[in-house]
Amino acid sequence: MTATTVERVGARPATRIQRVRSRLNPTLAVGLGLLAVVIVIAFVVPLLSPYETDEIRAGDALSAPSSEHWLGADNLGRDILVRVADGYRISLSVAVGSVALALLVGLPLGLIAGYAGGWIDNLVMRPLDVLMAFPAILLAITVMAIFGTGVAVLLPAIGIVYVPIIARVMRASTLATRRELFVEAARARGASRWRIVVRHVLPNSVGPVTVQASILMGIAILLEAALSFIGLGVRPPTPSLGLMLSDGRDFMANSAWVVAAPGIAIMVLVLAFNLIGDGLHDWLDPRGRARPR
Amino acid sequence: MARVLGGRLALSVPMLLGMSVLVFLIIRLVPGDPVLAVLGLNATPDLVAKLREDLGLNDPIYVQYVNWLGGVLHGDFGLDYRSDEPIGQMLLDRLPVTLELTALSLVFAVLLAIPLGVVAAVRRGRVADKATQGISLVGISVPDFWLGIMLILVFSLGLGVLPSSGFVPFREDPVENIRHMILPASALAAGLAAVLIRVTRSAMLDVLHEDYIRFTRSKGVQERTVIFKHALRNASIPIVTVVGLQAGYLLGGAIVIEQVFALPGVGRLVLDSVLQRNYPVVQASVLMVGLMFVLTNLAADLLYAVLNPKLRTAAQ
Amino acid sequence: MTASYGGPPVVQSVSLRLEHGDVLGLVGESGSGKTTLGRCVLGLLPENARVEGEIVFEGRDLVAMPAAEKRSLLGAQLSAVFQNPMSSLDPVFTIGDQIVEVFHAHGDTSRAQARAAAIRLLSEVGIPAPETRLKAYPHELSGGMNQRVALAIALALNPSLLIADEPTSALDVTVQAQILRLLRSLIDEHAGGVLLITHDLGVVAQLCNRVAVMYAGEIVEEAPVRQLFAAPTHDYTKQLLASLPGRARRQRPARAAGRPAAEV
């Protein structure tokens with residue numbers, strides 16, 4: 001629609017290799033770095049720390065961050081750093097688990113809907129649209145309301161929220177690829193159209209799906225924290241960053257770190273996933289960055 | 001335009017119906033006997049039988065659905081089993097709170113995000129742009145309830161200038177009403193603002209490269225006018241679409257924020273009823289939130305039609 | 001004058017003169033730098049562009065001029081129409097609003113006066129029922145009509161220089177002819193001089209009195225129209241003329257020296 005006069009001469013990367021390398025951008029790098037830090041904290045800290053998660057030390061109750069307790073201690077004298085590490089493990093497992101579930105269900109649905117089109121497309125997507133009509137947290141709460149709390153329910157509860165989103169992305173990808181490929185597939189030597197399309201759709205969709213998955217993981221962390229905060233998430237004594245926040249509320253007047261630490265911890269992890277999602281998006285679609293003309 | 005609106009309304013109906021089916025099934029999906037779940041320790045045989053009759057659980061399921069739906073359409077959501085209060089009234093009492101919270105959040109978010117997004121687009125690549133994008137990134141990573149807690153820490157417990165909980169109806173005391181809403185609305189607005197900043201920036205960048213912007217500049221129009229009268233106006237079309245999509249986020253966030261700030265809204269009702277296994281209330285309040293979501297989307301669609309002249313006339 | 005976008009110069013050492021009353025055709029293929037040249041004069045290049053040299057307009061250098069001053073020239077003494085009429089006009093404002101805007105940008109015309117002037121302009125460019133059309137949106141009009149509106153806007157304040165960048169290229173052939181005829185009459189009425197950028201020699205033949213041929217960022221030939229068509233001197237010009245339908249020569253001319261700024 002815009003008049004393109006191909007006159008601009010920008011500096012273009014000389015070779016293909018150079019172009020790929022220049023696309024590994026700082027956003028992605030920082031995101032991966034942060035994620036690595038979180039993973040280290042989650043898995044290494046408990047091994048190195050002198051404290052146990054549930055170790056109640058009444059004498060240390062509500063002590064400020066110091067060389068003894070790097071992030072301070074909560075109202076029962078439990079070391080906050082170790083609890084944050086535990087909380088991270090739960091958050092990570094919920095994030096990965098729920099997204100994995102959503103992929104498991106959503107990818108095939110999206111593929112079928114996009115490939116088949118017509119009434120099958122409608123049949124699959126309409127209920128998913130209705131599902132998308134609910135705010136995510138409401139849906140999760142509803143599922144938890146029926147089936148109870150705990151990680152086992154949490155994973156599918158959050159996963160359900162994501163299935164429509166993943167299905168949509170996959171469907172869009174399938175549609176785009178299908179249009180290009182039906183001409184080719186028609187000339188295929190004996191191979192079924194289905195197989196050809198699938199073989200091309202999957203690699204093409206890896207990109208958008210991965211970007212979406214990364215962002216969804218970030219949201220899953222927020223959802224898990226929110227649900228645990230209101231008491232509908234993990235079941236104590238399973239640790240959770242959200243639970244730490246709700247427990248700590250009563251004491252925050254004089255001991256701000258009790259709520260600051262878990263909150264910042266959540267933020268860092270979600271930030272990591274968002275950076276990765278953004279970085280991946282830029283990596284896959286550099287056109288978005290450099291505007292033509 | 002009426003035709004467009006009618007079309008959207010028509011699409012909403014099956015959506016709402018679908019929602020109602022889903023919500024209706026909630027109570028029927030509970031593993032075990034829902035009646036026992038509701039009554040808990042109070043379960044005497046008489047009460048159990050009465051509740052079963054009241055809930056209509058003895059009828060075939062489609063009859064139950066039709067009865068329930070019929071009641072809902074008349075505003076009869078049934079009675080709360082703890083207090084025998086009509087649920088419809090409970091919802092009505094709480095609706096203004098949630099509406100005010102979401103509306104105020106929306107206003108805060110838009111007032112904050114659009115100027116920042118415009119600045120980021122106009123000063124693309126420079127410090128202002130990078131800083132704004134950074135703020136936006138942090139904003140979408142922050143848990144809104146934690147932000148609420150932090151705000152309470154700073155403004156209520158620390159500085160003591162704003163209340164940390166409670167609600168005062170507008171009719172009683174407008175100033176107090178606003179004072180009680182500032183912190184919750186801000187906490188809820190942050191996440192939305194962060195998303196809107198990105199969308200505004202992206203939409204403005206797209207628009208600023210369009211031919212008509214160049215042509216308008218060639219008319220000698222002031223740059224300020226080009227940006228705010230022409231570019232922003234065009235960019236507002238995709239922005240409004242996103243706002244509609246984010247309405248769900250606001251409503252969902254309201255549930256948690258109402259908890260943090262002890263606001264007596266519909267969201268709080270959902271939560272409390274879930275925790276108490278008060279299924280009829282759960283059904284009614286979840287449906288209400290879903291309804292609000294659909295209506296918000298409809299409003300966004302309406303706004304979109306108003307902003308985009310191409311939709312107002314018959315398609316060529 | 002030289003202009004570049006951060007790479008090799010897109011427009012190199014160009015030197016042009018345009019007198020009042022001239023319709024100068026600037027001919028070249030895509031990538032020759034002609035559009036860049038046009039935008040350069042208007043001062044509407046993107047941020048990554050660098051310009052060196054001077055552009056003298058009515059005694060003043062446009063390159064060195066402060067932005068505010070340039071803005072007061074644009075639309076009044078110096079105006080433009082562009083290639084794609086369907087995207088030249090802002091889709092969310094009526095065409096009436098957009099015509100009136102150019103009056104408001106340059107002095108205190110009252111709304112009534114501006115509106116009356118707009119109606120006059122619309123009928124001058126051949127749009128029927130101008131009063132009702134004022135309230136129309138660009139997408140309600142065809143490409144040809146939109147281009148007429150664009151011309152009305154560009155010529156509203158009787159500019160000394162109108163830059164027309166491929167004004168008919170995006171239009172159907174029949175509409176092209178209409179717009180060209182319109183341009184011819186309008187130029188006589190309203191404009192001092194016109195820089196007509198095009199790749200179409202036919203358009204040049206109809207409207208211009210002088211022609212400059214551009215290739216790979218340089219002006220390779222400049223001459224009065226009749227002279228160029230009759231006796232072209234540069235290889236590239238000869239190629240261009242040879243490619244006109246109906247005038248094909250027997251042998252293939254050798255490729256002209258120089259490299260275009262970008263391959264299409």
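I call a residue buried if 20 or more other C-beta atoms lie within 10 Å of its own, exposed if 12 or fewer, and partly exposed in between, with C-beta atoms placed from the backbone. By that rule I find that buried residues make up 46% of the 264 residues in chain C.

Notes on the source. The model is predicted, so I note that local features need pLDDT of at least 70, that side-chain atom pairs count only at pLDDT 80 or more, and that totals for chains, interfaces and linings use all residues. Residues are numbered from 1 along each chain as its sequence is written, while chains are lettered from A and ligands numbered from 1 in the order in which they are written.

Chain C. I looked up its elements, which are DSSP runs numbered from the N terminus: helices (H or I, at least four residues) and strands (E, at least two). Chain C has eleven helices and ten strands. I took two residues as in contact if their C-beta atoms, placed from the backbone, lie within 7 Å. In chain C, 67% of the contacts with a separation of 6 or more join residues 24 or more positions apart.

The sheet. Strands pair if DSSP finds at least two bridges between them. I traced an open sheet of six strands in chain C, in the order E6-E7-E8-E2-E9-E10, with mixed pairing. Its edge strands are E6 (78–81) and E10 (218–224) of chain C, and each pairs on one side only. Strands E7 (residues 161–165) and E8 (residues 193–198) of chain C run parallel and are joined by five bridges. Leu161(C) stands opposite Gly193(C) in E8(C). Helix H1 (residues 34–42) of chain C packs on the sheet and touches E2 (23–27), E6, E7, E8 and E9 (210–215) of chain C. For angles, I used axes fitted as lines to C-alpha atoms, for helices over the stretch in contact, with values from 0 to 180 degrees between N-to-C directions. The direction of H1(C) makes about 150° with that of E7(C).

Chain B. Here I count 13 helices and zero strands. Of its 316 residues, 43% count as buried.

A helix pair. How do the axes of H10 and H11 of chain B cross? The axes of H10 (residues 223–260) and H11 (residues 266–275) of chain B come within 7 Å and cross at roughly 85°. That makes H10(B) roughly perpendicular to H11(B), a term for angles of 65 to 115 degrees. Among the residues that meet are Ala254(B) and Ile255(B) in H10(B), and Val270(B) and Leu271(B) in H11(B).

Technical notes
Parallel < 35°, antiparallel > 145°, perpendicular 65-115°, else oblique.
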